[in-house]
Each structure stands twice: as structure tokens, then as C-alpha cells.
Amino acid sequence: MAEEASISALMDRVARTAPFHRELAKLGTEEQAVFDHTSLPGVPFVAALCIRTLPDTARAWVVAPHLRAQEALAAQLETWGVRHLLFIPEKEVALGEEMGDPELAAERLNILHRISSSRTGGQTIILTEGSLNDEVPSPDGMQNQGITLKTGETHAPDDLIRQFGEAGFEGVPQVISRGQWSRRGGILDVFPLQSSHPVRLEFFDDEIESIREFDVDSQISFRKAEHVNLILTEAEGAETLRDWIKPGDLVITAPFCKERGNVCILTSPPENAAGEEDFSLAIHDNPLGSFEAGDFVMQEMRRELAERQIREWLDRKWNVSMFFPNEGEEERFRDICAGTPALLSITPLRGELPAGFSIPEAKTAVLSSSELFGRYQSATARRRASREDKARKARAQASLKDVNPGDLVVHTSYGIGKFINISASPDSGDEEMNILYRDNTILHVPLSQAHLVSRYIGLGSKTPELNKLGDSKWQRAKKSAERSVADYAAQLLNVQAERQTGKGYSHPPDSKWMWEFESSFPFRETQDQLRAIAQTKADMESTRPMDRLICGDVGFGKTEVAIRAAFKCVTGGRQAAVLVPTTVLAEQHFRTFKERMSEYPVRIEMLSRFSSAADIRSTLEGLRTGAVDIVIGTHRLISDDVSMKNLGLVVIDEEQRFGVRHKEKFKERFKGIDVLTLSATPIPRTLYIALMGARDMSSIETPPVNRQPVQTSVCPYDERIMKKAMERELERGGQIFLLHNRVKTIELFRDRIQALVPKARIVIGHGQMPKEELEKVMRTFVQGKADILLATTIIESGIDIPNANTIIIDRADRFGLADLYQLRGRVGRAGHRAYAYLMLPRSAATTGDARKRVSAIKQYTELGSGFKIAMRDLEIRGAGNLLGTQQSGHIAAIGFDLYCQLLQQSIAQMQGKRTAPRPDAALRTDFIINSETQFAAKSRKDYLGAFLPREYISDAALRISAYKDLATVRTLKEADNLLRAWEDRFGPAPETVRHLLDSH
């Protein structure tokens, strides 16, 4: 509250100044208020000054010239205390036959609905100039297009389903995307077009008993609601967004807009200005200038100039404030300026402000710690997207509900077969899974034994042979795998035992600097990240040498874990070395480490092929004497001429890309030293759990909060679309990845692209180039000296280029889903809207009827089950990298899931833990019947049924999934949790379901 009061006092001070008071007084009159000579950092401040004068009944419309300005305004208006911000996403202009992004359309619909349904005003709507002319329904039309449901009301579920069908919604067994509904007894799930989560309606006859939002991934409810509005169709555009502006609303136009609102903010004098230029409203850029990372701490001269300017302001009775994003940054500033009273008399304010400004007429200077400490990247417009990244839990295990007829499956007793279908048994009438084995023999597996069957996932593209029922070959393969797994587990545990008994350096506990350093992290850590950091620190503080592996996708925050470990090491008096496979990655880490540690006297150097001879000599000398704290480099770091005075930590990034020889050398050189290994290949959850007992591992599975979903479009090859897409990216100052997977024709393709965008600087990279040349190309692109990287595949998997936010993939049909997933992950890293264009040959994009074409497109664009399996394939590759070739052979022989079960059991047994593999025994009693058909023929008085009835879970795939979930239950608590989850999804459990859980 104190912070808000200080910001409010600062704004009052400026508003009372005569020239500002004069312009603000024009608001609400016919006269236009013009704020000229406003530097860009001052624009959100002026807009906020105007918005705070509005009565609660009016709305403000802030118009930005383009998306970047819109995002920056949204982030900074919040800093200046503007509440109830509504950000209207730009309508995606279809560049041809592409499909729009349903997520974006839903967010837009949601915002428009909130604007139209607000009767009180008090909202601030931020939009781009182009959006003013977008066609939209009338506000009344928006209100009439939905169905509003409240708890306690009466609505026949059949009537609602009819309305869903008329609106084009699809009936499915399980709701996973917008425009779908699913009914299970008294439960009706629906995913409205405008919602970020699907809705679960629970009925008692026709009365709505409860309304709950639920999670798409887990299918479990997480929030109750009293009422819900279901938008089922998009109303036709009857007017433009401009028509929604009411009399009494305030329209503020930012600089470089062609529009002119009631408030016009300009960077220059007004066009019609006459006489001498008037600077009384001028807001200037911060006169202290911006500092490069580390300058404010390291360069005393620059700091003295800043101090002199601030002292001068204070002597002239100016009000000087500085924004700090968090407490840690403020503490750090106070430490640095401890001997300078002038700097300590600055008023601290809390918030994100990328750049400061000064207002001479109001004797006010507003500074930003981001500018002072050279943290430009933390100032990217951080619009908190309410949409969740759908890939958030894409690591969910591909279970049997992802198995389609024709897929290979593994039965633990009979081996590899082909899943045919689910059908009713001619004898018992119960449903069975039918699996084809060699010689056309078919195995019938009751659904209640579904846990014995898993989807076959091997390594590589080779398809295994089907096993023969009754043949001993499967049992031999299984036994061989069991022996090999036992050897592998023993080897892992030996390595761990050696390290456990080895004596290492125990780093001191966290210091005050460490706390400040962590507090100054400009983003919010994910839970996985925090866990990995805590585990790494605990390892470093223990007396045994650390050997921890951090796994996670590119951009999920592994580097921050390494940065904190290095900082802990250095502040504890030791040196840290960061080893990377390529010079481009070394440069990227060098910049990131330098920027993060800019406020501390930490000397960071780089050793790579691109370093000059003089730099290398100086770095080597510094390492030897201890003057260099952190060194980042390629395998040049393990050369014989590199000696370090006091090495305490080694970070190995992208370990899988180093050769065996290098890995052996690491082990030899770094004996007894803490080692932190980072791997950008995610590994499967099942393997992670299996290895947990034998290898210190941390897995980061959630993407950062501000990671935006990538708008994916699938379209026939069309150079007009490519031209527009590239021009759009270049106009906003971004870079482009362009994939063409044929080395032979890549030069010709470059000429065609150059003709489409003549001004673009294009570089080519492909795997047949000499390594040095390829690194030069990547370096050129990373440094922003080229606009388009034309490549056969993205060469540098670990490289983070936040400025590249468009990827165009030619002949996307030639890539597997896993490759497309990884390629698409190259963009969307900077919190800006990113685009992926998957170009298909015209024949592939137009054959077959419309429905088939849409489902093929869905396969590419949806982050649903298709990408879950793709993610799974990617993880399996990671598993292959981690386990080595011999173990990969056994995975191919018996399938991945069974391999993981065996590994987990082996490790637990060798550690002397009691393992409880699920017994394949079933409880057989005279009075308990597990067959629904048999139970129907018996007397209810004498027998108990214990099964999942078809009436309760009507979809067979969901029933299989439920039986598999039951097979994992080991304790009463787990059984209770499973019952709760079933009742949430399928309604109150009948007696037979409770008996099934009790007898399990």
C-alpha cells in the first residue's frame, strides 16, 4: 500500500503542474488534450495520468500503433496503478488458406464478452489501431449469443445437447478442446468457445446441482461456480469495434498512430503548432543513459556521473524516484550505494519499468533499476497471458486411450501383438480387447486385466516382429532384459556409492548476496525449477561431490539453475566452469551469465575459438591466479594448458552432444568436484521415476509462465503467404527461421526467397557445411546480423534466439510430429506472439473430403494427443541418449514401459527396499462377481458385483484407462483418491464400483 501511495503522490505532483493541469482539465469537454514532446518511456505515464481522472462509469480506450507498443503499454499501465486492464489480441489476418489459432480467437471472444457485459464502466481497453476497424457483433448481439446457466435451475440435459449439436459442437467420450461436449450419466461436460477451461455440469434429473471448471489434462474439477455463460457460436460481425466506443468514453492515442483521440500523445510538436516551440509538457528520456550489464558496478566513472546528476536534481529540489522489480534488487542497490547518501535518498518504488524519464516542468525524475543494471531482457513486455500453454503437461504418459486399432501393444505374459479392437465376448458377453499375434492367433483380454497391456514404444523406426502365443522366445527376451537391467542398475549404484564415499568440498549455506541475487530474478520460477534449485544447493552444501542431472525442454529454465549454482560457488570463494558443446552456445551463456550477475563484482570470461589470442592469455592467467571467477567455454576448457586455482563447480550443458572421449576426460579432470549436467532432451516420467533411486536427477516439466502458445497454421505451399508472413515479422524487427530440407536445392530456394523479400539478409546453414562455417552462420544469426536463417533442420537445438518469432517449414509432411514439435519450440520464447507455418504440397492439402483434411490439419495444429505422442517419441530419444546403446536394444525387444518397471524393481531390490510388484493374482470368491454379464444373470441377494458397469463409464477406452488406474493403487488413501476422481468425472459411483475398490 505504501508503494501505491508513493506512485499516487508522484502522479499528483505532475498533475498539479500548470501545463499538465491545463491539458487534464480538457478531459470530458469537446476540446482535445494534446501532450507533446513525450519520449516513449513517458507515454504509459501520461496515459495513466489521464485514466485516473475518469469517473467509474466511463471506459478508457488506449490505442497503440502496433502489437509491440500494445504489449509495452499493457505492462507499464499496470505499473502506474491502472486496474481492470483488458488486452484485445489483434485479429489474425488470414494470409491465404491458413487456419486461425483457436486459442487466440477464444481469448478475443472472452475479452469482447467482458467488455459487452460490463454495465458499469471502469475498464481500460488496450488495442492496436488496426483493431478499431475489426468487424464484431453488436454488444447486445454478444450478450444474446450465449446460454447462461445457474445452479438450482432446471434444464433438460437432452435439450442442452441438442443446442450444442445445432451450434456445431462435437460429441466425444472425453472433452479436450473447444467446441466439444461429453455426457456420462448425470454429468455433462462442455468446452465453450470463449472459456480458458471446460465446464462440468452435474444434474439431479433436470436440476443443475453443481457447475465446476475442470482441467483438460487430468480431467479433474478444480473450481466451483454459481453460474456460467456458454458461448456456442460466434455472432456475425454487425459493426466495427470503433462503434463500441460510447459517448463519455476516453480515447487515448499513443505516438505514431494515424488516429487522433480525445487525448493525443505525441513525441514531437503538434502538426498545426505555430510560433515558438513549447516544451512545457516535455518528458525526456532518462539523462543518465542506459548501462551495459556490469557497468554500474564495475565502472566507477560512469557511476560517479550518475551520482553527480542525481545530486544536482536533489539540490534543485527535484523529486527523484526509482522503480525496482523486487526487494532483492532494491537491497542490492542500497549495498552498492552505501557510501553515497545522495543515491540513498531516492524514493524507492516497486514495479516493472524498462526505462526511466524526467519531467523538468514538474521537477520530477523517474529512474529504472533495469536500465541501471543493464537488464534489457527483463523489460520485454510481460503481458500475463491468461491462456495456459497447452504443452504444459504434454509429458503425460501415452496410455491405452491413445492406442488405435493397428497399433503395437505389449502383454507382460505373451509379448508384442497388434491391437485389433474391443468387442463383446461371444461366450460371456463381457467386453474384451482383441490382440493379434503371429500365425493369425488372437488373444482375448478382459477389460479388467487391461493393466497387463501397454502401448509398445521402442527406439528408432524399426518395427518389431509379432510374438507367437505359447512360444518361449518372449520369455527369453524378457529374462535377458531382466539380467541386463540388473547389471545396469548395479553399475549405476556402484558409481553412486563411489561418489557417496568420496570427499568433496562443502559449499557454505546461502549468504545475503545469494538471497538478493535470487530475489532479482526477473521472472517467476516454476515449481519444478524451484525444486531443482533446492536439490542442487543441498548437494553443493553436502560433503560428498555432487553429480546431478537436470532434464527439461529448451527454454524451461535449466540455465537459471546453473546460474544460481555458479553464483553460490563463487560467493563461497570457489571458481566455476561452464562447459558447452559449441561456441554459439558459449556466447549465449556468456551474455546471460554476465547480465544476471551485472550487479556483483564477479569476473566472467569466455574461452572459445572466436576468442582472440590476447583474451585467451588473459583468461588463462586469471584462472590460474583466481582472478577469474566463472569461465564459460567449449572443450577448449579441458585442454592441458588450462589450470584453475580453486575449481568448485563444473556445469556441463547438452552433455549428450559431447563425444565419449570428452566424457571420459571430464570424469578424469573433475574427480571430487561438484558436477551439474544439463540435458535439453526431456526424458519420460516413467524412466525418471525408475532412475530416481540410483541417479541424482531433477526434471523440469513446466514451461515458464510468460511462454505464449505459438500460432500454428497449416496451409498449401504458397509464396504469397510466405511473403506476407516474412514481411510481418521483419516489420516488427524480428527474425525468421525458414526450413527447406533439401541441401541440393537450398541455394535455388534462397534466390526465390530473396526475390520475395529483397531487403532481407539471408544466411544458409546445413549439416554438410564444415563445422567452423556453420558456427559462423549461426553466430551471425544469433547476433542479429541476418534476418532469415534458411536451414535444412535447426542446427543448434540448445540455442535461444528470443528475437526469432516466425518459423516457416517447407514440406512439413516430411517431418515426424516429434520433429515438428521441437522445431515449433524454437519460436515463442520472448513473450511475443509467435507464428509457425507448416507448408504442405498442394496435393497433400487438398486430397480427400473436407473432414479428413481438417482432421489431418488438427493432427498438426492441436497440442492434444497427437503432440502427447510426439513428445513421448522425443522423450524416448532422450531415454536412448541417457541409457546407452546396449539398454536401447532391450527396450526395443520388450517395449519401454515394461523396461522401466523392471529397472525400478531392480534398483529397489539392490538397495534393500521392499518392492511390491503388482501381483497378477485376482481375488476369487463364490459371492464376488467381476463380470457384468454374469452378474446380471445372478440373484442380487446372494452375490456382490465388483466391476465398472458400462452404464457408469460408457466409453470402452475410458473404461480401459480406469482399470489401468486401478491397477496402480497400492494403499487405501490411493483408493479413496481414485474414487473421488471417478465420482468427479462420472458421477456418484454405483455399488459395483465401490465393491471393486474394496476387493482390489
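Is Arg184 buried or exposed? In this predicted model, Arg184 has a relative accessible area of 5%, which is under 20%, so Arg184 counts as buried. The residue belongs to strand 8 (residues 180–184). Its side chain makes a polar contact of 2.7 Å with the side chain of Asp189. Leaving aside residues up to four places away in sequence, Arg184 touches Pro173, Asp189, Arg200, Arg985 and Phe986.

| Arginine | Ring | Distance to ring centre |
|---|---|---|
| Arg574 | Tyr505 | 3.7 Å |
| Arg596 | Phe517 | 4.3 Å |

In one of them, the ring centres of Trp80 and Phe323 are 5.1 Å apart and the ring planes stand at 80 degrees. An angle over 60 degrees counts as edge-to-face, so this pair is edge-to-face. The two residues come from distant parts of the chain, 243 residues apart. Trp80 is in the loop between helix 4 (67–79) and strand 3 (85–87), while Phe323 is in strand 18 (residues 319–324). Both Trp80 and Phe323 are buried. They belong to a cluster, linked by ring pairs, that also holds Phe45 and Phe357.

The next topic is the strands. In a regular strand, side chains alternate between the two faces of the sheet. Strand 6 pairs with strand 13 (residues 227–231) in the antiparallel sense, over five bridges. Across this pairing, Lys150 stands opposite His227 of strand 13.

Elsewhere, six strands make an open sheet with parallel pairing, in the order 34-39-38-35-37-36. Its edges are strand 34 (710–716) and strand 36 (762–765), each of which pairs on one side only. On average, neighbouring strands of this sheet are turned by 20 degrees against each other, direction ignored. Within the sheet, strand 35 (residues 735–739) and strand 37 (residues 788–791) are joined in the parallel sense by four bridges, and Ile736 stands opposite Ile788 of strand 37.

Helix 22 (residues 746–756) packs on this sheet and touches strand 35, strand 36 and strand 37. Its direction makes about 160 degrees with that of strand 36. Helix 23 (residues 771–782) lies across strand 35, strand 36, strand 37 and strand 38 (804–809), and runs at about 145 degrees to strand 36.

Note on methods. Residues numbered from 1 in each chain as written. Predicted model: local features only at pLDDT ≥ 70, side-chain atom pairs only at ≥ 80, totals over all residues. Heavy atoms only, no water. Phe/Tyr/Trp six-rings, centres within 6.5 Å; stacked < 30°, edge-to-face > 60°. Buried < 20%, exposed > 50% of the residue type's maximum accessible area, 1.4 Å probe, protein only. Lys NZ or Arg CZ within 6 Å of the ring centre and 35° of its normal. Polar contact = N/O pair within 3.5 Å; in protein donor to acceptor, adjacent residues only side chain to side chain. Contact = heavy atoms within 4.5 Å. Pairing = 2+ DSSP bridges. Axes fitted to C-alpha atoms, helices over the stretch in contact; angles between N-to-C directions.
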